[in-house]
Amino acid sequence: MSMQTSLYLVKCLEEEKSMKASIHSARQRILTTATDLFSREGYRAVGTDTIIERSGVAKMTLYRHFSTKNDLICAYIEQTIENFWAAFEQVISEHPASPQIALVAIFEMLASTVAEPGFCGCSCLHAAVEFPQFDHPAHQVALEHKRDVRARFLQLAEQAGARQPDILADQLLLLMNGMLMQGRMEGPIDTTSSVVQAVKVLVDAQLKA
């Protein structure tokens with residue numbers, strides 16, 4: 001291979017990398033803008049024109065990445081779900097030998113999140129409220145996530161030795177959703193002591209002989 005050909009290939013590879021980075025950057029700008037707007041103002045209140053203007057991309061660019069507004073909404077929800085699981089599993093990994101302690105720690109983490117300035121609630125609960133139709137794509141993504149969370153609670157309840165793990169999983173999911181919605185209604189609030197006490201009562205009741 002000649003030096004000229006080699007340099008040409010390097011240049012092509014660099015241009016390809018640059019193009020991919022630009023595409024990723026545009027998609028991320030759109031998603032970042034949508035995250036800010038959807039979380040603060042809701043899904044229905046925010047139009048694609050506003051997202052295009054705020055993100056600084058062309059309309060064609062937005063629709064190249066997200067064919068419909070629903071696709072963008074689902075991408076936003078899926079991103080928040082990914083962040084949720086990263087934090088959730090990190091807490092569990094810190095208590096590998098004690099699932100009951102892990103359950104309490106999960107709610108300590110969630111309560112801490114709700115207390116943070118700028119907390120805007122749960123993207124999945126918002127989707128269920130704004131899109132009550134069960135066949136709506138955003139509702140489906142949200143519902144699947146909540147079912148996955150319940151399944152994970154169930155697994156931890158079984159590992160902890162709960163007498164009625166199904167009931168405990170239901171109780172924990174209800175407690176989590178209530179805390180997240182309360183935080184949205186009232187703004188950032190510190191519910192740590194109340195939530196932790198409630199979790200301990202629920203878990204202890206299931207572990208007593």
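In which helix does Val196 lie?

Reply: Val196 lies in helix H9; helices (H or I, at least four residues) and strands (E, at least two) are DSSP runs, numbered from the N terminus. A word on the ground rules before we go on. This is a predicted model, in which local features need pLDDT of at least 70 and side-chain atom pairs count only at pLDDT 80 or more, while totals for chains, interfaces and linings use all residues. Residues are numbered from 1 along each chain as its sequence is written, and side-chain values use heavy atoms, with hydrogens and water left out.

Back to your residue. Val196 has a relative accessibility of 10%, so it counts as buried (under 20% relative accessible area; exposed is over 50% and partly exposed is in between, with a 1.4 Å probe and protein chains only). Apart from neighbours within four places in sequence, Val196 is in contact with Val104 and Glu108, where contact means heavy atoms within 4.5 Å. Ile106 is 90 residues from Val196 in sequence, yet their C-alpha atoms are 9.4 Å apart in space.

Ile106 leads us to the largest nonpolar core. Such a core is a set of buried Ala, Val, Leu, Ile, Met, Phe, Trp, Tyr and Cys residues joined through side-chain atoms within 4.5 Å. This one has 59 residues, and Ile106 is one of those that touch the most other members, together with Phe38, Ile51, Ile77, Phe107, Phe153 and Met176. At least two residues come from each of H1 (3-41), H2 (48-55), H4, H5 (99-114), H6, H7, H8 (165-186) and H9 (192-207). H4 gives the largest share, eleven residues. In soluble globular proteins, nonpolar side chains tend to be buried together.

Of its 209 residues, 41% are buried. Among contacts between residues at least 6 apart in sequence, 69% join residues at least 24 apart.

Leu168 lies in H8, and its relative accessible area is 1%, so it is buried. Beyond its neighbours within four places in sequence, Leu168 is in contact with Ala157, Ala162, Leu202, Val203 and Gln206. Leu156 is twelve residues from Leu168 along the chain, with 9.8 Å between their C-alpha atoms.

Now to H4 and H6. Helix H4 (residues 69-93) packs with helix H6 (residues 123-130) at an angle of about 145 degrees, their axes being 9 Å apart; axes are lines fitted to C-alpha atoms, for helices over the stretch in contact, and angles run from 0 to 180 degrees between N-to-C directions. H4 brings Tyr76, Ile77, Thr80 and Ile81 to this contact, and H6 brings Ser123, Cys124 and Ala127. These residues divide into five nonpolar, two polar and no charged (Ala, Val, Leu, Ile, Met, Phe, Trp, Tyr, Cys and Pro count as nonpolar, Asp, Glu, Lys and Arg as charged, and the others, Gly among them, as polar). Six of the eight residues of H6 are buried, so this helix is largely enclosed by the rest of the structure. The buried ones are Ser123, Cys124, Leu125, His126, Ala127 and Glu130.

Cys124 and Leu125 are also among the residues that Lys146 touches, as are Cys122, Leu173, Met176, Asn177 and Leu180, not counting residues up to four places away in sequence. Lys146 is found in helix H7 (residues 137-160). Lys146 is buried yet has no salt bridge, and the nearest side chain of opposite charge, Asp148, is 11 Å away. Here Lys and Arg count as positive and Asp and Glu as negative, with His and the chain ends not counted, and a salt bridge is a side-chain nitrogen of Lys or Arg within 4 Å of a carboxyl oxygen of Asp or Glu.

By that rule there are six salt bridges. In one, Arg152 pairs with Glu89, the closest N and O atoms being 2.8 Å apart. This pair links Arg152 in H7 to Glu89 in H4, 63 residues apart. Arg152 counts as buried at 16% relative accessibility, whereas Glu89 counts as partly exposed at 30%.
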